[in-house]
Structure formats: C-alpha cells, structure tokens
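Colleague: Can you walk me through this model? I would like to start with the core.

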Amino acid sequence: MKSAPPKIAGTQARFATIVLAAALAGVAAVIFFFNPATHAFYPVCQFHRLTGFNCPGCGMTRALFALLHGEVLLALHDNALFVLTLLALAIRAAWFGWNHHRGRPSGEFFPLKFLWPLLALALLFTVLRNLSAFAFLSP
Ligand SMILES: [Zn+2]
C-alpha cells in the first residue's frame, strides 16, 4: 500500500521559494536605488582586481541596474552572458508555469546535462571578453 507523500517537503519548498524570492527582491531593490557605477559599497571582483581580466560575472551588477531601468542594450554591453542567462531562465520559468497551468509534467527545472555546456559557454565568454577584438563584451 502506498502512503501519501509527506506534506512537510512541499511546505518547506514553498517557504524556501518565498524566502528566496524576498531576498532576490531585496537585492533588486538595493541595486535599483543605488547605481553600482556611483556607489562604492558593492563588492569588488577579486579576480578582476588581482588579474586585470574580466571574469564571466564582471558587470553583472551594472547589467542588472541597467535592466531594472529598462536599458536592455546597456545591460547587454555590461554582461551579455548574464542577460541572456536571465532570459533563458525566464523562458524556462514561463514554460514550467504553462505546463503547471495545463497540468502537464515539466521535468527538472535545470537538468544536469546543461551544466557542462553552460560552464563551457561561460569559459568561452570569459576568454572572448578579454580579447581586444571582442572588447564590446567587456563592461
Ligand atoms: Zn569579475
């Protein structure tokens, strides 16, 4: 006989989702009101400080500031990988929401088979944005 799944797991997942969403909204609010280009309290990229090269995350805060103010092209200039990853996550979330709405299974949100290609893309992005021919990819 099959027993009912424990309800605590669903409750914990819902609570974790709410906490995560609140934390992300708080971070977005700080970035919205305090321009990273003019406020010094944001953390500095240690990779960039030590090497002078841009890591795949360099420019993410400025890109998010630009996105929150509707400046998509500036956000793409600051960190195209971040903006395109956000777009992919939004599309994936919409796909999940649509399937949930229609009562269809969606599978995993982020299948592990995407991890290595994403890491390879981040590595390629890092190399390219540090080459002078691809300076437009640097913040
Ligand atoms: Zn960096």
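Modeller: A definition comes before the core: a nonpolar core is a set of buried Ala, Val, Leu, Ile, Met, Phe, Trp, Tyr and Cys residues joined through C-beta atoms within 7 Å. Buried means that 20 or more other C-beta atoms lie within 10 Å of a residue's own, exposed means 12 or fewer, and partly exposed is in between, with C-beta atoms placed from the backbone. This is a predicted model, where local features need pLDDT of at least 70, side-chain atom pairs count only at pLDDT 80 or more, and totals for chains, interfaces and linings use all residues. Residues are numbered from 1 along each chain as its sequence is written.

Colleague: Fine. Which residues make up the largest nonpolar core?

Modeller: The largest nonpolar core has 12 residues in all: Ile31, Met60, Ala63, Leu64, Phe65, Ala66, Leu67, Ala75, Leu81, Phe82, Val83 and Phe125. Helix 3 and helix 4 are the elements that give two or more residues to this core. Helix 3 gives the most, with 6 residues. Helices here are DSSP runs (H or I, at least four residues), numbered from the N terminus.

Colleague: Is helix 3 mostly covered or mostly open?

Modeller: Mostly covered, as 8 of its 9 residues are buried. Among them are Thr61 and Arg62. After helix 3 comes Gly70, with a positive phi near 80°.

Colleague: Take Leu67, then. Why is it classed as buried?

Modeller: Because Leu67 has 21 other C-beta atoms within 10 Å. Leu67 is in helix 3, which runs over residues 60-68.

Colleague: And what does Leu67 touch?

Modeller: Leaving out residues up to four places away in sequence, Leu67 touches Val72, Ala75 and Val83. Contact means C-beta atoms, placed from the backbone, within 7 Å. With the same exclusion, Ala63 touches Ala75, Asp78, Asn79, Phe82 and Val83.

Colleague: Where is the kink in helix 4 centred?

Modeller: On Asn79, with a kink of about 120°. The bend at a residue is the angle between axes fitted to the seven residues ending there and the seven starting there. Asn79 is also one of the buried residues of helix 4.

Colleague: What covers those buried residues?

Modeller: The cover includes helix 3 and helix 5 (115-129).

Note on methods: Two residues are in contact if their C-beta atoms, placed from the backbone, lie within 7 Å.
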